[in-house]
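Let's take a friendly walk through one protein model. Have the sequence and the 3D view ready as you read.

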Amino acid sequence: PAAPASAGPAAEKTLMVATTTSVDATGLLDVLADAFKKESGIALKWVAVGTGAALKQAQDGNADVVIAHARKLEEEFVAAGYGVNRRVIARNFFMLVGPDADPAKAAGAPDVKTALERIKAAGAVFVSRGDRSGTHIRELDLWALAGGPPKAGYLETGQGMAQTLLVASERRAYTLTDSASFATLAATSGLRTIVEGSADLENIYSVIAVNPARLASA
């Protein structure tokens with residue numbers, strides 16, 4: 001009789017993370033993946049999207065953990081029963097950046113609100129991610145302080161931070177970014193810091209475990 005087929009290698013255990021593009025861009029998860037695999041034997045894998053899309057991935061059962069940076073969306077996710085044990089893990093700051101020439105003279109503004117008002121009044125180009133990410137949501141909150149985004153010269157990329165910075169660089173435009181992305185991404189040629197460090201630019205990152213009970217009942 002034929003010998004029984006040998007069992008194949010055991011399926012690798014994985015922990016799937018839905019994370020933001022800004023966290024992915026830092027390279028942090030690559031370092032954590034190696035340490036996590038060594039300590040637990042579990043492979044860390046991730047998909048990098050905007051915060052809104054990351055929470056949707058988790059809500060649909062496609063992730064075990066979410067890393068996000070939009071508190072309102074995170075709290076809605078937890079309140080709806082999809083997430084548990086939200087923990088703040090890191091912070092940096094958002095930055096308003098723009099072309100070296102600063103045609104709107106926004107760099108001399110006393111705060112972000114005034115800087116955005118100057119950008120709008122000057123008719124300067126502003127590039128938005130437009131992707132329901134944490135950065136996009138904060139950008140809209142800041143524009144609300146300045147009476148809303150401009151009707152002209154306002155471009156939405158629908159892309160992550162790297163692509164949005166690249167478009168801003170090519171168009172000599174202004175945009176909102178997080179400090180880690182601006183420091184690590186290469187697509188920032190010709191861009192300078194316009195406003196940074198104020199309290200309303202604080203950027204808090206949280207990790208949320210997906211609620212297994214909610215997904216099991218879905």
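Arg 71 is exposed, with a relative accessible area of 56% (exposed means over 50%, buried under 20% and partly exposed in between, using a 1.4 Å probe and protein chains only). This is a predicted model, in which local features need pLDDT of at least 70 and side-chain atom pairs count only at pLDDT 80 or more, while totals for chains, interfaces and linings use all residues. Residues are numbered from 1 along each chain as its sequence is written, and side-chain values use heavy atoms, leaving out hydrogens and water.

Which residue does Arg 71 meet in a salt bridge? The partner is Glu 75, at 2.7 Å from N to O; a salt bridge here is a side-chain nitrogen of Lys or Arg within 4 Å of a carboxyl oxygen of Asp or Glu. Glu 75 is partly exposed, at 39% relative accessibility.

## From helix to strand

Glu 74 also forms a salt bridge, with Arg 86, and their closest N and O atoms are 2.7 Å apart. Because Glu 74 lies in helix H4 and Arg 86 in strand E4 (residues 83–99), this pair ties together parts 12 residues apart in sequence. Glu 74 is buried, with a relative accessible area of 0%, whereas Arg 86 is partly exposed at 26%.

## Elsewhere in the model

The structure holds six salt bridges. One of them joins the side chains of Arg 129 and Asp 131 (2.9 Å, N to O), and Arg 129 is buried at 3% relative accessibility.

Definitions and conventions:
Helix = DSSP H or I, 4+ residues; strand = E, 2+ residues; numbered from the N terminus.
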